[in-house]
Amino acid sequence: MVLYRKYRPKKFAEVVGQEHVVETLQGAIKTGRLAHAYLFTGPRGTGKTSLARLLAKAVNCEKGQLRSEGDEILSPAGRSDACAVCSSCKEVEEGRAMDLVEIDAASNRGIDEIRALREGTRFSSMNAGKYKVYVIDECHQLTKEASNALLKTLEEPPAKILFILATTEPHKVLPTIVSRVQKFDFKKLTTDQIVFKLQRVASEEKIKIVKDHLRLIARQAEGSLRDAESNLAKLIAFRGQEIDEEAIKEVLGIIPFNFYHDFFHLVHNQKRTEALNLVSQIYESGLDLENFTKGLLDYARRILVARANPSDLNAFSVELGEDSAQKISGLAKEIDGKGILKLISALMRAQQDLKISPIPQLPLEIAITELID
Ligand SMILES: [Zn+2]
């Protein structure tokens, strides 16, 4: 089941997050001041292609089609969102809109379309009055030839053509292209925004899962709604309609939070054998030691923050639960500032070494040995 596609927003009003982008685009549609080309940049899974399709939908929606009058484009009735029911909107949703050309620069699909652009053909829409919309995903991977063809078109943009470029790596896009587009930076979604969307999906799919557990899934996705939704789909495939904490930890490889606490507690109390045993226990249970080390660094940072600003504990307890927040607070009182910095630098070295170590446990074992002398 592809939840991400099934629950793609059908109109701007359904988009979670990226308010700055949505508002500006809707304003542009409403006032008829659309740019000829947009560049959506930002991390994966943050809604770039979803919003590109929405924009394509909104400009050609039959309930609010933009009219051109001389140079000015007017939007009737101030409409600024797709209706999601007219045949034009449905065509976009079902992936059969003739006026929407989706090009994946990474896989070379649709490159011929860009060649055709340079030749000046296939410019206008099949339907009078409609926009021809080109969505070019991973546009930093366009070939040199295709980039130049695109640039030429952007220099003298034909009427009623809209380009929407998307990329995770804007610094690799030709600067001459970037200077001719309106750029929007997409942000990672917050845990709350992801939870909000997951709640809707879970309720429509009739999945029994409590909010705290959705939060676990959301946190693991690190700002990518697509990752969160595909992990939820994985869990449904694995567990069916009822998803508990154990299933989430098993399927997503989430390391139980108390392991972090135990690690710092043991190292701080100079319990070398127990600390080494903990690492091998984690390794043998199939959990990823790179993730564990990353989690340790995150935990150490929280201890540092808790020392500097005890009032942040409230934020931690909202995010991690009361119990974990108390444990962090306890460690913050036990370990002094120097001790934490020593821990962090040993863990950072371990994290680097993990990438090249032939034996996965070794870097953490070295860190433990360094810290407990
Ligand atoms: Zn419509």
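A pocket is taken here as an open set of grid points with protein on both sides within 12 Å along at least five of seven lines, and its lining residues are those with an atom within 4 Å of a point. In the predicted model, the largest pocket is lined by 40 residues, among which Arg219, Phe257, Asp298, Arg302 and Leu320 lie nearest its centre. Two or more lining residues come from each of helix H9 (211–220), helix H11 (245–252), helix H12 (257–268), helix H14 (289–308), helix H15 (313–320) and helix H16 (322–334). The space in the largest pocket amounts to about 1,100 Å³. H14 makes the greatest contribution to the lining of the largest pocket, supplying eight residues. Sorted by class, the lining of the largest pocket comprises 14 charged residues, together with 13 that are polar and 13 that are nonpolar.

Of the 373 residues of the chain, 49% count as buried.

The second largest pocket has a volume of about 260 Å³. Its lining is made up of 16 residues, of which Tyr4, Arg8, Thr49, Asp137 and Arg226 are the closest to the centre of the second largest pocket. At least two residues of this lining are supplied by each of helix H1 (3–6) and helix H3 (48–60), and the largest share, three residues, comes from H3. The class composition of the lining of the second largest pocket is nine charged, five polar and two nonpolar residues.

The largest cavity is lined by 17 residues, with Pro9, Val16, Gly47, Ser50 and Leu225 the closest to its centre. H3, which also contributes to the lining of the second largest pocket, supplies at least two residues of the lining of the largest cavity, as does helix H10 (225–239). By class, eight of the residues lining the largest cavity are nonpolar, five are polar and four are charged. Domain 1 and domain 2 each provide at least three residues of this lining.

A zinc ion is coordinated at 2.3 Å by the SG atoms of Cys61, Cys83, Cys86 and Cys89. The angles subtended by the four donor atoms around the zinc ion range from 100 to 119°, and the arrangement is therefore tetrahedral, given that four donors count as tetrahedral if all angles lie between 85 and 135 degrees. Along the sequence, the donor residues follow the spacing C-x21-C-x2-C-x2-C.

With a relative accessible area of 49%, Ser311 is partly exposed, since the class of exposed residues begins only over 50%. The C-alpha atom of Ser311 is separated by 37 Å from that of Glu169, a residue 142 positions away along the chain. Lys271, in turn, lies in the loop between H12 and helix H13 (272–284), and its relative accessibility of 40% places Lys271 among the partly exposed residues. Although Lys271 and Ile368 are 97 residues apart along the chain, their C-alpha atoms are separated by 9.5 Å.

Definitions and conventions:
Residues are numbered from 1 along each chain as its sequence is written. This is a predicted model: local features need pLDDT of at least 70, side-chain atom pairs count only at pLDDT 80 or more; totals for chains, interfaces and linings use all residues. Side-chain values use heavy atoms; hydrogens and water are left out. On a 1 Å grid over the protein atoms alone, a cavity is a set of points where a 1.4 Å probe fits but cannot get out, and a pocket is an open set with protein on both sides within 12 Å along at least five of seven lines; lining residues have an atom within 4 Å of a point. Grid points are joined across faces, edges and corners, and a volume is the space filled by probe spheres set on the points. Helices (H or I, at least four residues) and strands (E, at least two) are DSSP runs, numbered from the N terminus. Ala, Val, Leu, Ile, Met, Phe, Trp, Tyr, Cys and Pro count as nonpolar, Asp, Glu, Lys and Arg as charged, and the others, Gly among them, as polar. Donors are N, O and S atoms within 2.8 Å of the metal (3.2 Å for Na, K and Ca); water is not among the atoms, so sites may look incomplete. Four donors count as tetrahedral if all angles lie between 85 and 135 degrees; four count as square planar and six as octahedral if opposite donors are over 155 degrees apart and all others between 65 and 115; anything else is irregular. Buried means under 20% relative accessible area, exposed over 50%, partly exposed in between (1.4 Å probe, protein chains only). Domain bounds come from an automatic or database domain assignment.
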